[in-house]
Amino acid sequence: EMLRAHDWDLFAVTFHEGHDIGHMCWHVHDPAHPRHDPQERRRLGDPLLRIDRQMDDALDALREAAGPEATTIVISGPGM
């Protein structure tokens with residue numbers, strides 16, 4: 001909504017969820033982690049993969065809303 005509301009020269013968005021979910025759920029994602037519990041993994045799935053896919057979808061929606069003439073720059077942090 002905000003992106004479409006104005007004629008922007010620059011529109012910046014940050015996603016912290018990818019980093020945060022790594023801190024909270026790496027043990028669910030990584031079978032080699034000492035706290036990994038296969039039952040918890042079966043129950044929850046892979047939270048990191050789910051968040052990554054949601055961020056990808058959000059980026060796609062932003063790019064679509066910005067239009068074909070917008071330049072998109074994606075900068076990824078250090079991750080986990």
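Start with contacts, meaning heavy atoms within 4.5 Å: among those in the chain between residues at least 6 apart in sequence, 47% join residues at least 24 apart. You are looking at a predicted model, where local features need pLDDT of at least 70 and side-chain atom pairs count only at pLDDT 80 or more, while totals for chains, interfaces and linings use all residues. Residues are numbered from 1 along each chain as its sequence is written, and side-chain values use heavy atoms, with hydrogens and water left out.

Next, switch to a cartoon view. You will find four helices and zero strands, in the order α-α-α-α along the sequence. Helices here are DSSP runs (H or I, at least four residues), and strands are runs of E with at least two, numbered from the N terminus.

Now select residues 17-29, which form helix 2, and pick out H27 within that helix. Is H27 buried or exposed? H27 counts as buried because its relative accessibility is 10%; buried means under 20% relative accessible area, exposed over 50%, and partly exposed in between (1.4 Å probe, protein chains only). Which residues does H27 touch, not counting those up to four places away in sequence? Select H33, R35, H36 and E40 to see them.

Then zoom out to the whole chain. Its C-alpha atoms fill a box of roughly 50 × 25 × 15 Å, taken along the principal axes. Buried residues make up 16% of the 80 residues.

Finally, colour by charge. The chain has 8 positive side chains (Lys and Arg) and 15 negative ones (Asp and Glu), with His and the chain ends not counted. The centres of the two sets lie 11 Å apart, placing each charge at NZ of Lys, CZ of Arg, CG of Asp or CD of Glu.
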